[in-house]
Amino acid sequence: SSELIRSEWNKTGFKGVYKVSSVATPYRVQVYRKGKTVTLGHYATAEEGARVYAATPEGIADLAARDAPPTPRPAKRAAPLPAVPPSSSAASSKQSSGVQLIRSERS
């Protein structure tokens, strides 16, 4: 792939590319495969390393995931309302629910 995969969290600016020394090939390219770190080589520039990373299965998958439409989040369901027993009048519902209306008279 000719498209490079940028990373705002990586100091080199590219995913999978790390500066390790100041020798002729200071940029190491790494991927994670099956839970292990795999070094793909050392390169003179970060851009060269980024091209190598972009051509790996991990880089291709990163590009596909970036270009894919976002996955919609499932809508939250409202909590079900409690069941209300059927009643023929307000008085019977008050009695069946154990609620009593008490009026007090003031002098």
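How many helices and strands does the protein chain have? The protein chain has three helices and three strands; helices (H or I, at least four residues) and strands (E, at least two) are DSSP runs, numbered from the N terminus. This is a predicted model, in which local features need pLDDT of at least 70, side-chain atom pairs count only at pLDDT 80 or more, and totals for chains, interfaces and linings use all residues. Residues are numbered from 1 along each chain as its sequence is written, and side-chain values use heavy atoms, with hydrogens and water left out.

**View 1. The order of elements in the chain.** Read from the N terminus, the elements follow the order β-β-β-α-α-α. Of the 107 residues, 22% are buried (under 20% relative accessible area, with a 1.4 Å probe and protein chains only).

**View 2. The buried side of helix 1.** The buried residues of helix 1 are Ala46, Gly49, Ala50, Tyr53 and Ala54. They lie on the same side of helix 1 because they cover an arc of only 140° around the axis, taken from the directions from the helix axis to the C-beta atoms. An α-helix has 3.6 residues a turn, so residues three or four places apart point the same way. The buried residues of helix 1 pack against strand 1 (17-19), strand 2 (27-33), strand 3 (36-43) and helix 2.

**View 3. Threonine 56 in its loop.** Threonine 56 is placed in the loop between helix 1 (46-54) and helix 2 (57-67). Threonine 56 counts as buried because its relative accessibility is 7%. Leaving aside residues up to four places away in sequence, threonine 56 touches Val31, Arg33 and Leu40 (heavy atoms within 4.5 Å). The side chain of threonine 56 also reaches the backbone nitrogen of glycine 59 at 3.0 Å.

Terms used:
Buried means under 20% relative accessible area, exposed over 50%, partly exposed in between (1.4 Å probe, protein chains only). A polar contact is a pair of N or O atoms within 3.5 Å; within protein, one must be able to donate a hydrogen and the other to accept it, and residues adjacent in sequence count only if both atoms are side-chain atoms.
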